[in-house]
Amino acid sequence: MELTSASELEAQFVESAHQILADLVRGGAALGWIEPPSRDEVAELLGRVLSAVQAGDAALRVAYLDRRLVGLGYWLRYTRPTHRPHADLEKIAVDAAAHGRGVGRALTAALITDAREAGIEVLTLDARGDNTNALHLYRSLGFTEFGHLPDFVAVGEHRYDKVFYMLDFRQQGGPPPRPMARRRPADAS
């Protein structure tokens, strides 16, 4: 599957992305919203992501089938100075009508490649514990679990674990670790 974009499709991008995200959340998808996001919320989110992409601090990938947006995903570099070598895969969203066609895998694989090429050392993500299809996908692409918070995600009266995954490029022939600043020993006077 090839991931492409065409300029004539950009005009409908926000509306299409909003429709996908709102429909998924309405269906109970674990995307960080309890209620479907508004068009303005999605436009603001995409604006922040695109600004970060232009600054070299993010990657955004979209998938089209038959000239119709069917998926999107992005990662953002951490803003804290001590975490700048790393990024977080924040959203992968695929239109329910395109589930099972490899769109999520293609988007995630492309974002992994983008992260590696951007010099990201560790790509992290978190997911709701009941999102078994996503967790399986991440494991199949090399992510490893590094922790979870039991009953952390609240959706009404329901509670779900929050599961943390990472892909460490330093252990996969990725960019070499940056030298750490050496601290001088304290004066012993």
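**Figure 1. The whole chain.** Of the 189 residues in this chain, 41% count as buried. What you're looking at is a predicted model. The chain holds 4 helices and 6 strands, and if you follow the sequence they come in the pattern α-α-β-β-β-α-β-α-β-β. Take the contacts between residues at least 6 apart in sequence: 58% of them join residues at least 24 apart.

**Figure 2. Helix 3 and what covers it.** Helix 3 takes in residues 103-117, 15 residues in total. From first C-alpha to last it reaches 21 Å, close to the 21 Å expected at 1.5 Å a residue. Which of its residues are buried? The list runs Val103, Gly104, Ala106, Leu107, Thr108, Ala110, Leu111, Ile112, Asp114 and Ala115. Among the elements that cover these buried residues are strand 1 (58-65), strand 2 (68-77) and strand 3 (87-94). Strand 4 (122-128), helix 4 (132-140) and strand 6 (158-168) are also part of the cover. Look just past the end of helix 3 and you'll find glycine 119, with a positive phi of about 80 degrees.

**Figure 3. Helix 3 against helix 4.** These two helices pack at an angle of about 45 degrees, and their axes are 11 Å apart. That angle makes helix 3 oblique to helix 4. As for handedness, the crossing of helix 3 and helix 4 is right-handed. On the helix 3 side, the residues that meet the partner are Gly104, Arg105 and Thr108; on the helix 4 side, they are Leu137, Tyr138 and Ser140. Sort the residues of this contact by type and you get 2 nonpolar, 3 polar and 1 charged.

**Figure 4. Helix 1 against helix 2.** Here helix 1 (residues 13-26) packs on helix 2 (residues 39-54), with about 115 degrees between them and their axes 9 Å apart. That makes helix 1 roughly perpendicular to helix 2. Helix 1 makes a right-handed crossing as it passes helix 2. Helix 1 brings Phe13, Val14, Glu15, Ala17, His18 and Leu21 to the meeting, while helix 2 brings Arg39, Val42, Ala43 and Leu46. By type, the residues of this contact come out as 7 nonpolar, 1 polar and 2 charged.

Figure 5. Is arginine 128 buried or exposed? Its relative accessible area is 13%, so arginine 128 counts as buried, the cut-off for that being under 20%. Who are its contacts, once you leave aside the neighbours within four places in sequence? Arginine 128 is in contact with Gly28, Ala29, Ala30, Leu135, Val153, Val155, Tyr160 and Asp161.

Figure 6. Arginine 67 isn't a glycine, yet its phi is positive, at about 65 degrees. Where does arginine 67 lie? You'll find arginine 67 in the loop between strand 1 and strand 2. Its relative accessibility is 52%, so arginine 67 counts as exposed. Aspartate 151 is another residue other than glycine with a positive phi, this one near 50 degrees. Aspartate 151 is found in strand 5, which covers residues 144-155.

Technical notes:
Residues are numbered from 1 along each chain as its sequence is written. This is a predicted model: local features need pLDDT of at least 70, side-chain atom pairs count only at pLDDT 80 or more; totals for chains, interfaces and linings use all residues. Side-chain values use heavy atoms; hydrogens and water are left out. The expected span of a helix is 1.5 Å times one less than its number of residues. Buried means under 20% relative accessible area, exposed over 50%, partly exposed in between (1.4 Å probe, protein chains only). Contact means heavy atoms within 4.5 Å. Axes are lines fitted to C-alpha atoms, for helices over the stretch in contact, and angles run from 0 to 180 degrees between N-to-C directions. Angles under 35 degrees count as roughly parallel, over 145 as roughly antiparallel, 65 to 115 as roughly perpendicular and the rest as oblique. A crossing is left-handed if the near helix is turned anticlockwise from the far one by less than a right angle, and right-handed if clockwise. Ala, Val, Leu, Ile, Met, Phe, Trp, Tyr, Cys and Pro count as nonpolar, Asp, Glu, Lys and Arg as charged, and the others, Gly among them, as polar.
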